[in-house]
Amino acid sequence: MALAKLKSSTNKDGSEKFWSFIEPQKCAPPEVISSDWVKGDIDRFILFEIEKNGLKPEQEATSKILIRRLFFDLIGIPPSFDEVERYNNINDQKEYEKLIDHLLQRPEFGEKMASYWMNVARYAEDQAHQVGNDKKFFYPHAHKFRHWVIKAFNDDLPYDEFIRMQLAADQIDGVEEKDLAALGFLGLGPQYYDRGRLEVKAEEWEDSVDVVSRGFMALTVACARCHDHKYDPISAADYHAFAGVFASTKIHKREISNNNGDKTYIHVVADGKIQDLPIFKRGDVTDKGDVIPRGFLEILSNSKSKKFSNGSGRLELANAIANPKNPLTARVAVNRVWQLLFGKGLVRTTSNFGNLGALPSHPELLDYLAVTFMEDEWSVKNLIKRILLSSTYKQSSFAASQKRLKDEGNKFYSYFPRRRLSAEMLRDSMLYVSGELENGDSGSESLELINKKNFRRTIYSRISRKELDHYLALFDYPDPNVHSSSRDETITPAQKLYFINSEFVLERSKKISTTVAISDLNESIAKLYKKILSRYPSPEELSKSISYIGLNLETQQERWQRLAQNLLISNEFIFRD
């Protein structure tokens, strides 16, 4: 892949030489020295850079760590002690593959994947602004979109169809009525008060342009709303051609039949008054320039494919994005999956493949994965499995400090990154080990996270643009008002105080402690470690725990709870290696 620098030109001339606008090519994996480490083509691309920079890959992680890593990456909850024992021979490649297949087929896989897609789609169930008690712009049926996304990932809906459905399900032949909920990707967007004014409508159109262009193609098209993009080959005319699609689209609540002849609703979009937009000069809707036909970006079009003429153009837009010839879409998709598994993408700026974004650290690997992804009929599950089977993924996270200095930021993937659990995984894991986690009905309505009777997975909780739940905000859940490509990982005193003082953690600790306290102190402590950390305590841990619990019956109950809490908030529990 050529990594020629993009000129700061907004026309097509010369810009097609920029790396992200060149169609991905599947080149042969490079030759490497330590070929015995290689389990597939991914490893050859990674190992080539590791060796070139005077490094060596880290040894394979232990079976317990690999099991825990797979459980969190694929279903978002930890393995039980029994599951760790059952899959203990995971270092055998066949057994390792069996576990991957098992986890990919579990319904929790779709829940885990939907957690990340909700951020890409800026999912929320209300608006940032509310006048008095007026909730007419809120989304009480938003959970139908969430349900559709979960099912789409569990069914391994081909990613190109995943795109088309979310942008234009109502215009695709043969789509069942229940699958129209996919249109929530657009239909759950922000709606502003005084929506009849043109300048207010223009703000909503910009949101749609932004979430679609960044979410599917990692292009900041919305930056060209007021003027030609200063860094990427996207003109103001391009923006208004794109925005015209959404100016011809309306958000509405659609009545459908549910599984019981009863009526329910989904929040979707439909074609409205078809219109082409004039260029609003400098973003001023009163200063109108030439009218621009609805269409696709010039840099990604030929003369025949740019203009849209079928209704709003949503289906034509979806087809243009999902076209295998589009050089961005598959790259962006595989890069997001890589980020999910390794904490960062091969392109660090996962929603910006433009001139101000990062260059790919392993461009040939990115292209290889993108082309393979398309050849494999856009299967997300097969893409994930391909990555998980690599030696790159199976590396230990315990790397010497000298290596960490030499491979700063783990740019060459010479070891596995250690990461804290996400907000969802933290809460879900505590409920899981306390035995309280309820299997979620993905089609049911959301519950408030602060509801003490809410024992469902965090994905099923209500997400508010107006006031994001305190717990989610504390543990780096993104702002649902806007598209988000990744999550920060902050370390704050408030987080530690939450672990120590929150009623949620204390209740989970109490619940666990009451289920393990039996007459045999040694056995009780072992049971506690098995329940929370999925392992036996070491001799030293056992000795210290016995000393801490003591024989005083008046203090034992409180100390059992504190011991359980200490294990729940330990680094071993809240991080994954």
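These notes cover a pocket, a cavity, a helix and the aromatic pairs of a predicted model.

1. Basis. In this predicted model, local features need pLDDT of at least 70 and side-chain atom pairs count only at pLDDT 80 or more, while totals for chains, interfaces and linings use all residues. Residues are numbered from 1 along each chain as its sequence is written, and side-chain values use heavy atoms, with hydrogens and water left out.

2. Largest pocket. The largest pocket holds about 860 Å³ of space. Of its 35 lining residues, Q339, G343, R419, S486 and R487 are the closest to its centre. A pocket here is an open set of points on a 1 Å grid over the protein atoms alone, with protein on both sides within 12 Å along at least five of seven lines; lining residues have an atom within 4 Å of a point. The volume is the space filled by probe spheres set on the points, which are joined across faces, edges and corners.

3. Make-up of the pocket lining. Helix α5 (108-120) gives the most, with 5 residues; α12 (329-342), β5 (419-420) and α16 (423-433) each supply at least two. Helices (H or I, at least four residues) and strands (E, at least two) are DSSP runs, numbered from the N terminus. By class, the lining has 10 nonpolar, 11 polar and 14 charged residues (Ala, Val, Leu, Ile, Met, Phe, Trp, Tyr, Cys and Pro are nonpolar, Asp, Glu, Lys and Arg charged, the others, Gly among them, polar).

4. Largest cavity. About 80 Å³ lies in the largest cavity, a cavity being a set of points where a 1.4 Å probe fits but cannot get out. Its lining includes R146, E424 and Y477, and by class has 6 nonpolar, 2 polar and 2 charged residues.

5. Helix α13. Because 11 of its 13 residues are buried, α13 is largely enclosed by the rest of the structure (buried means under 20% relative accessible area, with a 1.4 Å probe and protein chains only). The buried residues pack against α1 (41-52), α7 (159-168), α12 and α14 (380-388), contact meaning heavy atoms within 4.5 Å. Just after α13, E377 takes a positive phi of about 60 degrees.

6. Aromatic pairs. There are 32 aromatic pairs in the structure. Rings of Phe, Tyr and Trp (its six-membered ring) pair if their centres lie within 6.5 Å; planes under 30 degrees apart count as stacked, over 60 as edge-to-face and the rest as tilted. F18 and W19 form a tilted pair, 6.3 Å centre to centre with 50 degrees between the planes; F18 and W19 are both buried.

Methods. Buried means under 20% relative accessible area, exposed over 50%, partly exposed in between (1.4 Å probe, protein chains only).
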